[in-house]
Amino acid sequence: MRKFVPVLIIVFVVVLVTNIYANNFDSFSNENNNDEKRWNRIASVLDNAMDEFGLFSFQNTPDSTIFIVMDETKSELQLKKYLEKNVNKTDLSQFNIDITKISLQEVETEQFMSIVSGIVYDYIQEKKYNDVQVYLPLIEPEPILKISIPKSSEPSSENMKKELEDVLASKSAELPKKDISYEIQVIERIDESTIESDAKISDVVEDFQRTATN
């Protein structure tokens, strides 16, 4: 009979550890599921407030922060009161709210430049200009689309700029009818290294396409 005692102890320990792991896993799954449900309820409320409070975008982050971008002419205080009134307090307490206010003109400029850079990026891919790098457009102080080419590249920076300007002129029907002035800068690289201060469109093309769609 004594021979079975150690075996029974081992079985008991294994079962105990398995139960603890299963309970912890269920707890983790339920917590994630609850967070997702909370966010979906809040997102629904924000979606209904898009026009009233001039919301341009909103998103939730892994650290439970809700980023909201809204029209600078609208009231941030009234938006917070709206959320407190229409969102369950328990749901709202699980998130931090981070609100950024920008002008409608800034949003329209960003959208315009996103389309411009998209046209340029597609054209460069189509022409197989593999040594040409397109950077995400700058909005301030003035809208600029920056392109870089190797110093030894053909065509030259002047010719590349003219080529891209002609392409954009031919695609004018695809651009929003906005009175927005912008500049194309073609910079010659001394070597094959990139301009570190700027982000290449090729590095973030999926985010760019999603932003342009939105």
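Contact is taken here to mean heavy atoms within 4.5 Å, and the structure described is a predicted model.

In this model, helix 2, spanning residues 76-86, lies across strand 1, strand 2 and strand 3, and runs at about 145° to strand 3. These strands belong to an open sheet of 3 strands, in which the order is 1-2-3 and the pairing is mixed. From one strand to the next, the twist averages 15°. Strand 2, comprising residues 65-71, runs parallel to strand 3 and is joined to it by 7 bridges; within this pairing, D71 has I102 of strand 3 as its bridge partner.

A parallel pairing is also found between strand 5 (residues 144-150) and strand 6 (residues 183-189), which are connected over 7 bridges, with K146 standing opposite Q185 of strand 6. Together with helix 5, strand 5 and strand 6 form a β-α-β unit that is right-handed.

Helix 5 (residues 157-170) packs in turn with helix 4 (residues 104-127), the angle being about 115° and the axes lying 10 Å apart, and the crossing of the two helices is right-handed. On the side of helix 4, the contact involves V116, I119, V120, Y123, I124 and K127, which meet E163, L164, V167 and L168 in helix 5. The residues of this contact divide into 8 nonpolar and 2 charged, with no polar residues.

Methods
Residues are numbered from 1 along each chain as its sequence is written. This is a predicted model: local features need pLDDT of at least 70, side-chain atom pairs count only at pLDDT 80 or more; totals for chains, interfaces and linings use all residues. Side-chain values use heavy atoms; hydrogens and water are left out. Axes are lines fitted to C-alpha atoms, for helices over the stretch in contact, and angles run from 0 to 180 degrees between N-to-C directions. Helices (H or I, at least four residues) and strands (E, at least two) are DSSP runs, numbered from the N terminus. A crossing is left-handed if the near helix is turned anticlockwise from the far one by less than a right angle, and right-handed if clockwise. Ala, Val, Leu, Ile, Met, Phe, Trp, Tyr, Cys and Pro count as nonpolar, Asp, Glu, Lys and Arg as charged, and the others, Gly among them, as polar. Two strands pair if DSSP finds at least two bridges between them. A crossover is right-handed if, with the strands pointing away from the viewer, the path from the first strand over the helix to the second runs clockwise.
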